Amino acid sequence: MKRRVIALILVPFLLFYAVPAGAVEKEERKWQDETMYFLMVDRFNNGDTTNDKEVDTKDPKAYQGGDFQGIIDRLDYIKDMGFTSIWLTPVFDNQPKGYHGYWITDFYKPDEHFGSMETFKKLVDEAHKRDMKVVLDFVVNHVSPEHPWVNDPAKKDWLHEKQPMNFSNKDSLQNAWLYDLPDLNTENPEVREYLFNAAKWWIKETDVDGYRLDTVRHVPQDFWSEFSKEVKSVKDDFYLLGEVFDRDPQKIAEYNDVGIDGFVNVPQAEEMRSVFKKPDTSMDRLFNFWKYNETYYENPYVMGTFIDNHDMERFTRLLVQENVFPGTRWKLAMAYMYTTPGIPIVYYGSEIAMDGGEDPDNRRLMNFRADKELIDYISTLGKVRQDYPALTRGTVEPLYEKDGMGIYKRTYKDQTVVVAINNSSKTQTVELSPEDLAENQELKGLLTSDLVRSDDNGKYKVALEREEAEIYLLKDKSGLNIPYLSALAAVYVLFLIFIYLVWKRGRKNRKA
């Protein structure tokens, strides 16, 4: 009886503290809510030494031993950092030294260096058990020079004639051999059918959730229109992420209407790398990318935002060249990427500020024995991003930008989140007006315990030390809530009267 009474007394308190300030009702998960970890299968983790064939860790162009089992063994490591999906480089059978997966010799067979089809299915299944989605890299533009089709007279019209590529000519861009790789004649109905069937087969067999489409601009638009219809007919909400490697948003926008959901945002990545590689760099141009994205892309919220990948020098290499501390610069860049529209894509090793120059140096074997400070920071960012829908679905409004100090807010329904990034070498204090934010409220820090209350004039003074970032939730001022406490007191008075009457009746019954 005593325990039951105590539990009842605690109920009002629990109800009061269970609803966080600025909470938005949980909605159905969308792709724009994802946070993606991109890994190169061979370079991530060796979980099965029995498939270590032709492995040479001293040769950066040889297999290093990473495999499907290695990824399975590290799924919790990825999930604990707040990632909700993973993107894998191609897993199909490749020619010798095709560690990266882009020299395909068989579209229906996994690479023996990575493991069996059964193990890959287990990888997808284990990811799904952790509520994580799996995106698989799929290549339709070219095959390996050692693919059987190359020397098969019956398949002569399956490939374009070998010719050097002229990047300023659209026909050459779509028909020439990229890096001397045999270019598939995707105008050929037989080739189309083969690729469509292979893509659908992997979805049916393994239940992957999306494809990252390699070298999109080297394939005609009408192929992609058919491809997207075919693969999306197999599984609901199947996501297609295209790669158009160009710094011009208009070039990427040419593929808006072909059924590809989003594209890796190369122009924005280049700007982020430029802005965050050293302090005292203005974020003004970076802020303009929100307008570019809204102007040029069909749905900017499902674009893939990234800082580095397997085709670029590691961001850390740029930082080393600038003689700055990588961890600090990575935190600022990550804070920006996680709090602006798009799906954040983090290249494996970025969480430990891995260094690396041009390919293949940017594809080093992952090192799990590293300082956890940056990992913990990314984990916190991931949790904040998932907890506050304004960061994945909200509108964007810049509030301030000067000499590297930038502030913007994101609003979704009744939730407002304010992001402040001090990309300068000095402590900065910015005064925000009531027109920027509502009066008589406060900004609660989500990365630290910082708290900024509006003053008597309704203004907010946001202060950040050099090279720091903070994410704030705009909420009602904390303190005594008199109306609520009065109502709570009334409930307790009635409750105590009820307990007294029950006790009195019980005592009377015992006497009788």
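Is K129 buried or exposed? I looked, and K129 is exposed, with a relative accessible area of 59%. My cut-offs: buried is under 20% relative accessible area, exposed is over 50%, and partly exposed is in between, with a 1.4 Å probe and protein chains only.

**Ground rules**

I'm working from a predicted model, where local features need pLDDT of at least 70, side-chain atom pairs count only at pLDDT 80 or more, and totals for chains, interfaces and linings use all residues. Residues are numbered from 1 along each chain as its sequence is written, and side-chain values use heavy atoms, with hydrogens and water left out.

**Overview**

I counted 15 helices and 18 strands in the protein. Helices (H or I, at least four residues) and strands (E, at least two) are DSSP runs, numbered from the N terminus. Of the 512 residues, 55% count as buried. I then looked at contacts, meaning heavy atoms within 4.5 Å. Among those between residues at least 6 apart in sequence, 70% join residues at least 24 apart. The protein exposes about 23,900 Å², and carbon and sulfur atoms supply 50% of that. Those areas come from the Shrake-Rupley method with a 1.4 Å probe; for residues, only the protein chains shown count as cover.

**Helix α4**

Back to where K129 sits. Helix α4 covers residues 117–129, 13 residues in the run. From first C-alpha to last it reaches 18 Å, close to the 18 Å expected at 1.5 Å a residue. The expected span is 1.5 Å times one less than the number of residues. On the buried side of my list for α4 are M117, T119, F120, L123, V124, E126 and A127. I checked what covers them, and the cover includes α2 (68–73), α3 (75–80), β2 (85–88), β4 (104–110), β5 (133–138) and α6 (189–206). After α4 comes D131, with a positive phi near 65°.

**Salt bridges**

Side chains of opposite charge can pair when their charged atoms come close. My search of the whole structure gave 40 salt bridges. I call it a salt bridge when a side-chain nitrogen of Lys or Arg is within 4 Å of a carboxyl oxygen of Asp or Glu.

- K129 bridges to E126, with the closest N and O atoms 3.4 Å apart. Both lie in α4, three residues apart, about one turn of the helix. E126 is buried at a relative accessible area of 16%. I also noted that D76, D125, E126, K129 and R130 are linked in a network of salt bridges.
- E205 and K121 meet in a salt bridge at 3.2 Å, N to O. E205 lies in α6 and K121 in α4, so this pair ties together parts that are 84 residues apart in sequence. E205 counts as partly exposed at 33% relative accessibility, and K121 counts as partly exposed at 31%.
- R393 and D33 meet at 2.6 Å, N to O. R393 is in helix α14 (residues 390–393) and D33 in the loop between α1 (2–18) and β1, so the pair ties together parts that are 360 residues apart in sequence. R393 is buried at a relative accessible area of 12%, and D33 counts as buried at 9%.

**Aromatic pairs**

I found 40 aromatic pairs in the structure. Rings of Phe, Tyr and Trp (its six-membered ring) pair if their centres lie within 6.5 Å; planes under 30 degrees apart count as stacked, over 60 as edge-to-face and the rest as tilted. F38 and W87 are stacked, 3.7 Å centre to centre with 15° between the planes. F38 is in strand β1 (residues 36–39) and W87 in strand β2, so the pair ties together parts that are 49 residues apart in sequence. Both F38 and W87 are buried. W224 and F227 have ring centres 5.6 Å apart and planes at 85°, so I logged that pair as edge-to-face. W224 and F227 both lie in helix α7 (residues 221–232), three residues apart, and both are buried.

**T186**

Where is T186 found? I traced T186 to the loop between α5 (170–175) and α6. T186 is buried, with a relative accessible area of 2%. Leaving out residues up to four places away in sequence, T186 touches V140, H160, V191, R192, L195, V219, P220 and F223. T186 and H142 are 44 residues apart in sequence and 9.6 Å apart in space, C-alpha to C-alpha.
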